[in-house]
Amino acid sequence: MAAKQVIKRAKYKSAVKDPGVPGILELTIERFVFRPNDPKSTTKLNVEFKLIKGHKFTKDGSKQALLNLTQDQGGNYIFEFTNFADRDVCKEFVANALAFHSESGKTIPEKSDVPVNEHLSTAETEQRIKLLQENSELQTLHKQFVFKGILTDAEFWATRKKLLEQSDGRRRKQRLALKNEMWTVKPLSDGQSNKVTFNLTPEIIHQIFSEKPAVRQAYLNFVPHRLSEKDFWTKYSKAEYLNSSRNVSVAAAEAALDEELAVFLKRDDMLADEARRKVRRVDPTVDMQADEGDDYIHLQDHGLVHDEPKDYMESQYEPFRKSFSQDLNQHGAVVLQGRVLDAELRDTRSVAEAIIRIKQAELSDEVSTRNLERDISDRISRMAEMEDLQGPRDPAVAPLSIKDPRDYFDSQQANALKALADGSGGERTLKSSVSSHEAYGSLKNLVSHNRVMGLTEPVMSHEVALKVLSALTQNISSTKFHLGSNPHESVLDRLPKSTKDELLIQWTSVQELLKHFWSSYPITTKYLYTKVTRMKDAMSQIYLKLQEIKESVPSDFRHQVSLLVHPMLQALDAAFAHYDADVQRRSTKG
Amino acid sequence: MTPVSSKLYTDDVSLLVVLIDTNPFFWNSVKSNLPFSKFISHVLAFLNSILLVNQQNQVVVLATGHNSCDYVFDSSVAQSQNQRAEHLLQKLEEFVDKDESLCREESVDGQGFSLLSGSLSMALCYIQRVFRSGPLHPHPRILCLHGSPDGPGQYVAIMNSIFSAQRSMVPIDACVIGTQHSAFLQQASYITGGVYLKPQLLDGLFQYLSTVFATDLHSRAFLQLPKPAGVDFRASCFCHKNTIDMGYICSVCLSIFCKHQKKCSTCGSVFGQAQAQDSSTPPNPNPKRKTPMDA
């Protein structure tokens, strides 16, 4: 939390009616600083949170979004924000800061037991605030516990890691791909002088290294021993210019003169190697034989028809002939592969080395080749499937579904009420003992009676049938009417809305407190001990609240409400019993 | 089975496995409300009507006795239509004889328990066999006609069969003809997506069966079937088989105990001491003071 800081636009007011001084409010964990926009204004504030005792705020939806920081001597600082979201963010932060200060005041001698304050990144804090804003239930819980200092922020979120992770997954940034344009030579040529200018950016260099492995290798070999970087790129640009003129004989001539230039002008053998390796990995079910008739790779210009007559090529010029379609294919393959290197490396050399490393890793990856071979054999067997030789397939399987515990709460209560309505039907079983011989004997008699008599005609009387049908229909329609077509609606909805909301809030707070209470046992550190005491105090408050709810409800619902409240009280009682037993044990020992 | 597998199965063909409760002690106690002979006649009429609804429907009947369970009827075994009831009743009589011979108790208090877990497992095994018979098979479902009270000793086995039914997507319907609701069957229907019904008018059992339980799984999507208002989710503890509301749970295998245990009986994991300080203090030789053991 020490790294966190919140900066928002706000107006400082000394009273609510005051128009306010516009400025910037900066909050850190130690203090808040207010700087007015107008440099001539004198209302600069720099106040430590230690002196602030509390904070108040207006409700969402009221005319002004105000946050009021109060001191214990009675002075207060009022800030007005442009919108409620800003105000909420500051409010959270202030609450955290206050909690931090009040807690650190109490537990300074036992610092070793306190869990390390998390160093949250701004992304994480934003996530938490976003979650709180989206989920109002979570927000009420948060307000209830964290603000009052019953639970710390860290504890609150510790049980909700899953929620945080879920929202985190959505925020991955899109990766930027390589530009899909071939770097065709577009030199700026000055019509008058004989100079041609090429512009190389790191982006272009990256692309060149991805597409042309020979250039990459040459770079690593030549720079910085034989050529400086500038010279290297000059030679490369010269080679590109020569290539663009498509004059093979000129290219050959130049290459003969300059060794380094020759590297750029020759055909790229490394590419040929890669291509061969890729061909080996092609799906064997693809019929390459059929393609051989269309083999245009070995024809000049890939079989494209040219108007110009075929020049007689001398053999010495062979290595310098490049084909445009080969370049195009290579370019396409590189772009589809995507950006191999994510980092923004400035140094050309490191870029080259990194790309080489990645490519080598791919090639020498034995696991991947094994997987590939396995994939290929799988694919072959699947394509050549014969139905009668197939083994038995496992039957379809339903996925695991973990139900929301809220369902349990609702349905359990409904059942408890229903059991009550049915009366104590379960207790009416006859407790007389019957000899087994008798029982079996009578059963056998009945069965043989049936065999002799056959089925009665009709199976049952029509009046009974009609009664059954009408009872069933009425039952179905009445449940539908009462519970709605939503099967999960329950008794809770029959209660007045305010009671229902109260009950749900109490239920969720009981759950939350009990979770933290039980997780603190066994008590091994002082921190856990204080935590347990805090939980216990909060839980005793809930008893009173539940009692209030019961009293506030009109008398027809009182019984149902007490049934609903009963399991909560039971759970709290169990927790208290455990606590008392624990305290007693400690006192007898210590 | 061979002539059937070559036909195409449409969506509404069902395989119905009926589990009939033949616990003699239970039937002895409800002689006044619904004698067993009437019950059987309702059920036989219902089975005939199921087989009439679709030519390819199959019915299998299992009898759940006090000491054993067995198959009593299988419609896929060749028999003439007139002889179905005959065969069923004959097999039933033989089953009751066998069950009696296995009975070791002289007398039983109250209604006794029937082996629901056993018959559920047998039903699920039969259904698995049908699944593996080939890609074409009818949609199976299980119907429990049950009346005996729940045997808490069968809790674990029944829950296991319920979960395996859920996994194979086989709904378990329940029609409870006894005096009280059955928590196990309520949970079974809730978890597997079946229908649970406790008929009020037992004279019209056939009407209940044909209205609620006769439809195949495909058509259930369009029908409004009775839903119970609530489900009793209470578990039984694994040590004493009592139904409990609050208890202790092993964090490894989630088995439930009513009292604190040193070691989990299901998975064998040893539970740690409740307080860390306990293990470090030496046992107190003073007999007056109780040793700090968790109750």
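**Two chains, asked and answered**

Modeller: Start with strand S6 of chain A. A:Ala65, A:Leu67, A:Leu69 and A:Gln71 point one way from S6(A), while A:Leu66, A:Asn68 and A:Thr70 point the other way. All of these residues are buried. This is a predicted model.

Colleague: What makes S6(A) count as largely enclosed?

Modeller: Buried means under 20% relative accessible area. In strand S6 (residues 65-71) of chain A, 7 of the 7 residues are buried, so the rest of the structure largely encloses the strand.

Colleague: Which strand does S6(A) join through 6 bridges?

Modeller: That is strand S7 (residues 76-81) of chain A, and the two run antiparallel. Within S7(A), A:Phe81 is the bridge partner of A:Ala65. S6(A) also pairs with S5(A), in the antiparallel sense, over 5 bridges. There, A:Thr70 in S6(A) is the bridge partner of A:Gly54.

Colleague: How do you know that S5(A) and S6(A) pair?

Modeller: Pairing needs at least two bridges between two strands. S5(A) and S6(A) have 5 bridges, so by that definition they pair.

Colleague: In what order do the 7 strands of this open sheet in chain A stand?

Modeller: The order is S4-S3-S2-S1-S7-S6-S5, and the pairing is antiparallel.

Colleague: Why are S4 and S5 of chain A said to stand at the edges?

Modeller: Strand S4 (45-48) and strand S5 (52-57) each have a single partner strand, so one side of each is left without a neighbour in the sheet. On average, neighbouring strands of this sheet are turned by 30 degrees against each other, direction ignored.

Colleague: How many bridges link S1 and S2 of chain A?

Modeller: Strand S1 (residues 5-13) and strand S2 (residues 21-28) of chain A pair over 8 bridges, in the antiparallel sense. A:Tyr12 has A:Val21 in S2(A) as its bridge partner.

Colleague: Where does H21(A) bend?

Modeller: The bend is at A:Val565, by about 30 degrees. A proline, A:Pro567, follows within four residues.

Colleague: Which residues of H21(A) are buried?

Modeller: Among them are A:Leu564, A:Val565, A:Met568, A:Leu569 and A:Leu572. In general, an α-helix has 3.6 residues a turn, so residues three or four places apart point the same way.

Colleague: What are the overall figures for chain A?

Modeller: Chain A has 590 residues, and 34% of them are buried. It holds 21 helices and 10 strands. Its accessible surface is about 37,100 Å², with 54% belonging to carbon and sulfur atoms.

Colleague: And chain B: what share of its residues counts as buried?

Modeller: The share is 51% of 295 residues. Chain B has 9 helices and 11 strands. It exposes about 13,800 Å², of which carbon and sulfur atoms supply 54%.

Colleague: What makes H3 of chain B largely enclosed?

Modeller: 13 of the 18 residues of H3(B) are buried, so the rest of the structure largely encloses the helix. Helix H3 (residues 36-53) reaches 26 Å from its first C-alpha to its last, close to the 26 Å expected.

Colleague: In what order do the 6 strands of the open sheet in chain B lie?

Modeller: They lie in the order S3-S2-S1-S5-S6-S7, with mixed pairing. Strand S3 (69-74) and strand S7 (196-197) are the edge strands, each pairing on one side only. Helix H4 (residues 84-102) of chain B packs on this sheet and touches S2 and S3. The direction of H4 makes about 170 degrees with that of S3(B).

Colleague: In what sense do S1 and S2 of chain B pair?

Modeller: Strand S1 (residues 14-21) and strand S2 (residues 58-64) of chain B pair in the parallel sense, over 7 bridges. In S2(B), B:Leu62 is the bridge partner of B:Leu19.

Colleague: Last one. Why is B:Ser269 called buried?

Modeller: The cut-off is under 20%. B:Ser269 has 18% relative accessibility, so it counts as buried. B:Ser269 sits in the loop between strand S11 (256-257) and helix H9 (276-280) of chain B. Leaving aside neighbours within four places in sequence, B:Ser269 is in contact with B:Cys250, B:Val252, B:Lys263 and B:Cys264.

Terms used
Residues are numbered from 1 along each chain as its sequence is written. Chains are lettered from A and ligands numbered from 1 in the order in which they are written. This is a predicted model: local features need pLDDT of at least 70, side-chain atom pairs count only at pLDDT 80 or more; totals for chains, interfaces and linings use all residues. Side-chain values use heavy atoms; hydrogens and water are left out. Buried means under 20% relative accessible area, exposed over 50%, partly exposed in between (1.4 Å probe, protein chains only). Contact means heavy atoms within 4.5 Å. Axes are lines fitted to C-alpha atoms, for helices over the stretch in contact, and angles run from 0 to 180 degrees between N-to-C directions. The expected span of a helix is 1.5 Å times one less than its number of residues. Accessible areas come from the Shrake-Rupley method with a 1.4 Å probe; for residues, only the protein chains shown count as cover. The bend at a residue is the angle between axes fitted to the seven residues ending there and the seven starting there.
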